[in-house]
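User: I am new to this structure and would like to be walked through part of its fold.

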Amino acid sequence: MTARAIFTCTAAAILAACASTGPDGTPPAIVAIPSHQQENPWFRGGVETVATRGAAQGWAKNVVLFVGDGMGVSTVTAARILAGQQAGASGEEHLLSFERFPFTGLAKTYNVDAQTPDSAGTMSAMMTGVKTDMGVFGIDEDVVRGDCASTRGHVVVTALELAELAGKATGVVSTARLTHATPGATYAHTADRDWEDDSELPEGAAGCRDIASQFVAFRELLAARYPGASVDGIEVALGGGRRHFLPEGSSNGSGRRGDGDLVARWLRENPGGHYVADRDSLLAAPRGGPLLGLFTDSHMSYEADRPASEPSLTDMTVAALDRLAGDPEGFFLMVEAGRIDHAHHAGNAANALTDTIELSRAVAATLARVDPAETLVIVTADHSHTMTMGGYPRRGNPILGKVVFPGQDAPALAKDGLPYTTLGYRNGRGFRDFGDETDADTTYAEPPNPGRADLTAVDTEAPGFHQEALVPTDSETHGGEDVAVYAIGPGAAAVSGVQEQSNVFHVMNAAAALAAAADAALPGGDQAGKAASGHSTYRGRAR
């Protein structure tokens with residue numbers, strides 16, 4: 001089934017196996033989505049599923065995808081309560097900004113080869129419409145992790161790449177390294193998520209590029225796959241990970257590259273572009289020209305630990321929207337709250353919830369700046385974590401506190417005679433009392449400390465409290481349960497129900513007709529695809 005056929009057929013026709021031919025009965029000359037991607041069972045199933053669930057047919061001019069990395073349902077619930085309590089209420093009745101969206105569904109997060117997934121395979125599924133293996137992205141499941149040669153013939157196009165081919169403005173924002181799995185999966189293709197710079201490439205990887213170099217060479221790499229295509233590159237990219245772009249010995253010794261300075265190369269190849277490295281520079285940067293911001297050597301700070309020199313997730317989101325929203329063809333923006341995941345791995349619920357609340361602020365700021373009639377906004381997670389919310393705490397009990405039963409004033413005691421918290425982890429590094437320390441990663445300086453502890457005199461609401469864990473591990477693991485998908489805007493109804501995570505791509509693709517618009521924009525492509533796309537001239541006629 002071709003991209004054009006998919007997006008010019010009705011839902012009923014799709015379910016009846018709509019023909020893969022052009023209007024005159026011949027196969028279209030240009031197809032933006034590779035045939036092996038279209039024929040993949042995950043892809044075909046996704047097209048059929050979203051067609052039955054209210055998928056739009058090209059009514060969205062813009063798409064914004066928010067990913068709370070590791071933001072499972074228990075995290076959303078606990079963050080909702082914490083935000084409400086911070087506002088002076090009991091908390092349970094509160095709603096985060098995205099919980100007010102009219103449509104909600106559940107996504108099944110497993111990777112092709114893993115019951116409990118990682119961020120690479122899950123984000124790749126959302127960006128390409130096909131599930132893949134753990135540890136890889138931008139490539140289908142017929143790949144061997146770490147084997148460069150196995151990628152050949154298995155590269156799949158991403159939603160951001162389709163938006164580029166369609167002439168839309170594009171942006172990537174993350175509080176993680178820009179080369180990390182979630183942001184990397186929007187623009188790069190790799191057999192190993194750890195290949196963030198050339199120092200990580202193994203021997204025998206000739207022909208494969210590291211992720212940072214793929215970002216800088218994005219325009220030329222995409223044009224090479226689609227000869228003659230008009231590709232102007234990613235307009236805005238903001239996040240951490242400076243060390244993967246700079247040569248060895250630079251940036252206070254953290255630079256890792258052996259092939260030179262990629263920031264300097266990016267500036268040479270983007271005349272009129274702007275590079276920023278702190279919050280003040282970001283806020284003062286001109287709105288014209290491409291923008292690259294690398295604010296830290298590795299991941300950015302947790303929101304609770306963020307210095308004034310670093311922009312917040314909301315700062316970066318607003319800066320991106322200010323630059324993308326004026327594009328006449330519309331835009332595609334991915335925003336990741338990457339450090340929710342890292343706080344959970346460290347067993348620190350306080351930072352995970354605080355970063356979730358900051359994501360909620362970024363979503364609210366977005367809704368204040370886009371037209372909901374022409375912008376599809378999706379908020380979801382790539383996977384969950386093992387944090388649970390349990391016991392029988394009374395209503396309004398501090399979500400980070402010890403369990404106090406309804407009608408009681410003193411903390412409840414377990415059968416071992418010790419108090420316990422509402423939030424805890426099934427596995428991980430375990431209890432630590434770091435008091436007012438706001439950097440969750442402090443825990444890695446000490447060995448794991450699983451099992452029970454006497455919390456009687458411990459302030460469990462302090463930002464440096466790390467919850468108890470049952471099973472000792474070096475780092476708390478992901479959870480394998482479904483994650484929620486929240487949506488508003490054209491085609492938002494299609495997220496409803498329980499479906500494969502790869503269907504997020506199909507909801508976005510249908511809503512903005514990314515494939516059809518890209519197909520029509522490619523050399524030799526006729527203009528039929530414009531009639532199914534969010535192209536500005538078509539939208540004016542249709543309305």
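Predicted model: local features only at pLDDT ≥ 70, side-chain atom pairs only at ≥ 80, totals over all residues.

Analyst: Residues are numbered from 1 along each chain as its sequence is written, and side-chain values use heavy atoms, with hydrogens and water left out.

User: At what angle do helix H5 and helix H16 pack?

Analyst: Helices (H or I, at least four residues) and strands (E, at least two) are DSSP runs, numbered from the N terminus. Axes are lines fitted to C-alpha atoms, for helices over the stretch in contact, and angles run from 0 to 180 degrees between N-to-C directions. Helix H5 (residues 73-86) and helix H16 (residues 349-367) have axes 9 Å apart, and their packing angle is about 80°.

User: Which residues of H16 make the contact with H5?

Analyst: Contact means heavy atoms within 4.5 Å. On the H5 side the contact involves Thr75, Ala78, Ala79, Leu82, Ala83 and Gln86, and on the H16 side Leu353, Thr356 and Ile357.

User: Which strands are the edge strands of the sheet of 10 strands?

Analyst: Two strands pair if DSSP finds at least two bridges between them. Pairing on one side only marks the edge strands, strand S5 (274-276) and strand S17 (497-500).

User: How many bridges join strand S1 to strand S8?

Analyst: Strand S1 (residues 62-68) and strand S8 (residues 375-380) run parallel, and Asn62 stands opposite Thr375 in S8. The number of bridges joining S1 to S8 is six.
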